[in-house]
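Student: Can we go through the side-chain contacts in this one? I have the model open.

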Amino acid sequence: MRELFKDILNMEGVKGLMMFSFAGEPVYKEFNQAQPEGIESRDWSLFIESLAGMRETDLIFKKGRLYVRRTDIGYLVVLMGLFVPIAMMRLQCDILLPSLKPAKSVKGIRRLFKK
């Protein structure tokens with residue numbers, strides 16, 4: 001999965017990212033710096049539930065930002081500094097989203113005619 005997220009992680013000012021299922025279970029975590037303290041012990045399910053129906057959001061805090069984007073398999077949360085260009089982050093996520101789609105099973109005669 002690291003290969004999928006390398007363009008986002010290589011952006012200047014990005015500290016890391018986390019991928020959560022719709023139930024709030026961590027699916028993937030990668031950090032450019034030391035892992036933030038206490039991140040393993042946090043219950044993310046309430047935060048993820050509060051995002052229901054939201055496509056994207058940008059949360060700005062005193063020392064950093066969180067960019068949250070809904071995907072087909074869950075929510076992508078990017079931890080970044082205050083001065084990361086949000087337009088570039090949106091573009092990178094738009095490029096990434098098609099590769100995060102779950103595989104569909106092919107039924108009937110269509111499975112014989114794979115592209």
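Predicted model: local features only at pLDDT ≥ 70, side-chain atom pairs only at ≥ 80, totals over all residues.

Student: Where do Phe5 and Tyr28 sit in the chain?

Tutor: Phe5 is in helix 1 (residues 2-9) and Tyr28 in strand 2 (residues 26-31). They are 23 residues apart, and the pair links distant parts of the chain.

Student: Buried or exposed, Phe5 and Tyr28?

Tutor: Both Phe5 and Tyr28 are buried.

Student: And Phe20 with Trp44, why is that pair called tilted?

Tutor: The planes of Phe20 and Trp44 are at 35°, so the pair counts as tilted; stacked would need planes under 30 degrees apart. The ring centres of Phe20 and Trp44 are 5.1 Å apart.

Student: Which elements hold Phe20 and Trp44?

Tutor: Phe20 belongs to strand 1 (residues 14-20), while Trp44 is in the loop between strand 2 and helix 2 (45-50). The two are 24 residues apart. Phe20 is buried at a relative accessible area of 1%. Trp44 has 16%, and it is buried because the cut-off is under 20%.

Student: Which residues make up the aromatic cluster?

Tutor: Phe20, Trp44 and Phe47 form one aromatic cluster.

Student: Switching to charges. How many salt bridges?

Tutor: Six salt bridges are present. In one of them, Glu56 pairs with Arg69, and their closest N and O atoms are 4.0 Å apart. Glu56 is in strand 3 (residues 56-60) and Arg69 in strand 4 (residues 65-70), 13 residues apart.

Student: What is the accessibility of Glu56, and of Arg69?

Tutor: Glu56 is partly exposed at 26% relative accessibility, whereas Arg69 is buried at 3%.

Student: What about Glu56 and Arg90?

Tutor: Their side chains meet in a salt bridge, 3.3 Å from N to O. Arg90 lies in helix 3 (residues 86-96) and Glu56 in strand 3, so the pair ties together parts 34 residues apart in sequence. Arg90 is partly exposed, with a relative accessible area of 36%.

Student: Where does Asp94 come in?

Tutor: Asp94 forms a salt bridge with Arg69, with the closest N and O atoms 2.5 Å apart. Asp94 is in helix 3 and Arg69 in strand 4, so this pair ties together parts 25 residues apart in sequence. Asp94 counts as partly exposed at 41% relative accessibility.

Definitions and conventions. Residues numbered from 1 in each chain as written. Heavy atoms only, no water. Helix = DSSP H or I, 4+ residues; strand = E, 2+ residues; numbered from the N terminus. Buried < 20%, exposed > 50% of the residue type's maximum accessible area, 1.4 Å probe, protein only. Phe/Tyr/Trp six-rings, centres within 6.5 Å; stacked < 30°, edge-to-face > 60°.
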